[in-house]
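Colleague: Please put the model up, and then take me through how its features are read.

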Amino acid sequence: MLKINDLVWIKQSDVDADCWVLGKVVGFTPKRIKCENSRTYYKDDTFIGNYKPSSVRKLTEEEIKERANG
């Protein structure tokens with residue numbers, strides 16, 4: 001179960017290829033997960049969007065540790 005401030009992968013539906021970006025859960029609606037992500041290919045700041053639950057996947061502990069060390 002996702003919670004606010006969880007780090008996640010977000011599938012970008014507006015890109016032709018399978019593109020996943022890093023993000024953070026900032027809230028919920030009845031049918032969507034509200035996430036903040038850095039879509040630097042789109043613009044130079046963060047973007048908050050509402051995503052289908054199937055388009056959001058929580059980072060594993062191993063992935064979080066990799067990002068903290070690297």
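**Accessibility and salt bridges**

Colleague: What does R57 count as at 37% relative accessibility?

Modeller: Partly exposed, because R57 has 37% relative accessibility. Buried means under 20% relative accessible area, exposed over 50%, and partly exposed in between, with a 1.4 Å probe and protein chains only. This is a predicted model, so local features need pLDDT of at least 70 and side-chain atom pairs 80 or more, while totals for chains, interfaces and linings use all residues. Residues are numbered from 1 along each chain as its sequence is written, and side-chain values use heavy atoms, with hydrogens and water left out.

Colleague: Which residue forms a salt bridge with R57?

Modeller: A salt bridge is a side-chain nitrogen of Lys or Arg within 4 Å of a carboxyl oxygen of Asp or Glu. Here the partner is E63, with the closest N and O atoms 3.6 Å apart. E63 counts as buried because its relative accessibility is 16%.

Colleague: How many salt bridges does the structure hold?

Modeller: Two. Besides the R57 pair, the side chains of D6 and K58 meet at 3.8 Å, N to O. This pair links distant parts of the chain, 52 residues apart: D6 is in the segment before β1, K58 in strand β5. Strands (E, at least two residues) and helices (H or I, at least four) are DSSP runs, numbered from the N terminus. D6 is buried, because its relative accessible area is 11%; K58 counts as partly exposed, at 37% relative accessibility.

Colleague: How many bridges join β2 to β3?

Modeller: Five, with β2 (residues 20-28) and β3 antiparallel. The two form a hairpin, with four residues between them. On β3's pairing with β4 (residues 46-51), there are six bridges, also antiparallel; there I33 stands opposite Y51.

Colleague: Which residues of β3 are on its covered face?

Modeller: For β3 (residues 33-38), they are I33, C35 and N37, while K34, E36 and S38 form the uncovered face. N37 counts as buried, because its relative accessibility is 2%. N37 is the bridge partner of G23. Leaving aside neighbours within four places in sequence, the contacts of N37 include I10, Q12, T46 and F47.

Colleague: With which side chain does that of N37 make a polar contact?

Modeller: With that of Y51, at 2.8 Å. A polar contact is a pair of N or O atoms within 3.5 Å; within protein, one must be able to donate a hydrogen and the other to accept it, and residues adjacent in sequence count only if both atoms are side-chain atoms.

Methods
Pairing = 2+ DSSP bridges. Contact = heavy atoms within 4.5 Å.
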